[in-house]
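Visitor: I'm new to this one. Please walk me through it, starting with the open space.

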Amino acid sequence: MKRRPPTRAPTHVAIASWLALCLANPSEAAAEDNNSNATGGEAAGKEGDGEETDEALNTIGVNGAVAFEFDGGVSVGGGGNVSYERELIPKDLQMELVFGVGPNDNILNIPIGLLFTHAWVPNEVWEPDVGLGGTVTIEGEKNASGRRDFTARFGITFVTGTHIWLWGTDRRWGLNLDLVYTLQVTRGVSHELFLAFGPSVRF
């Protein structure tokens, strides 16, 4: 019994298949290059977007203040403070350090407060907040010789207010309004109320 010789594809069919493979490979390579370039462009665009949105995490304010003290009567004084805020959770939780001074004829008050405030941002202009913390008030009272005797008082402080961002790139400059209540618990109980207003900047 004779064996049949192996069947071979016609020559023109083999040549056509070889040409098709040669033509297909460059197209696939070009498509892969285009996809990689597009992916790189999207990544670069995202990085660029991240650089443009620079969050301001710090705020400094300088305020004038009117103070009311209720301690068996009502006394009114003036003063001012410098405040520094740091965002711990952006657009949510801030830590605020306040250093103030309230001079008058007999007593020099230097309140130093550490507050934690919660803010919400309804729009790009208004940024109201509410907070709670503690205050140490250093009091310097004049004695008979004209010198001041310094003592310290401790209190619990509640604050509510708002930033109003109006000017500059990304509205970095604005105004601050605070209403501050402090319950003094050292050497008897007294109540203090402050209304503070002034410019602020965030960076």
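Guide: The largest pocket is lined by 43 residues, and those nearest its centre are A67, N109, P111, E192 and F194. A pocket here is an open set of points on a 1 Å grid over the protein atoms alone, with protein on both sides within 12 Å along at least five of seven lines, and lining residues have an atom within 4 Å of a point. This is a predicted model, in which local features need pLDDT of at least 70 and side-chain atom pairs count only at pLDDT 80 or more, while totals for chains, interfaces and linings use all residues. Residues are numbered from 1 along each chain as its sequence is written, and side-chain values use heavy atoms, with hydrogens and water left out.

Visitor: How much space lies in the largest pocket?

Guide: About 820 Å³. A volume is the space filled by probe spheres set on the grid points, which are joined across faces, edges and corners.

Visitor: Which strand gives the largest share of its lining?

Guide: Strand 2, with eight residues. Strands 1 to 8 each supply at least two. Strands (E, at least two residues) and helices (H or I, at least four) are DSSP runs numbered from the N terminus.

Visitor: What is the pattern along the protein chain?

Guide: The chain has one helix and eight strands, in the order α-β-β-β-β-β-β-β-β.

Visitor: New topic. Where is D178?

Guide: D178 is in strand 7, residues 173-184. D178 is buried (under 20% relative accessible area, with exposed over 50% and partly exposed in between, for a 1.4 Å probe and protein chains only).

Visitor: What does the side chain of D178 join up with, then?

Guide: With the side chain of N176, in a polar contact of 3.0 Å. That term covers N or O atoms within 3.5 Å; within protein, one must be able to donate a hydrogen and the other to accept it, and residues adjacent in sequence count only if both atoms are side-chain atoms. N176 is also in strand 7 and is buried, at 4% relative accessible area.

Visitor: How many salt bridges does the structure hold?

Guide: Five. In one of them, R153 pairs with E69, the closest N and O atoms being 3.6 Å apart. R153 lies in strand 6 and E69 in strand 1, so this pair ties together parts 84 residues apart in sequence. R153 also meets E139 in a salt bridge of 3.1 Å, N to O. R153 and E139 are both buried. E69, E139 and R153 are linked in a network of salt bridges.

Visitor: What is the N to O distance between R171 and E124?

Guide: Their closest N and O atoms are 3.4 Å apart, in a salt bridge. R171 is partly exposed, at 27% relative accessibility, and E124 is exposed, at 54%.

Notes
Lys and Arg count as positive and Asp and Glu as negative; His and the chain ends are not counted. A salt bridge is a side-chain nitrogen of Lys or Arg within 4 Å of a carboxyl oxygen of Asp or Glu. On a 1 Å grid over the protein atoms alone, a cavity is a set of points where a 1.4 Å probe fits but cannot get out, and a pocket is an open set with protein on both sides within 12 Å along at least five of seven lines; lining residues have an atom within 4 Å of a point.
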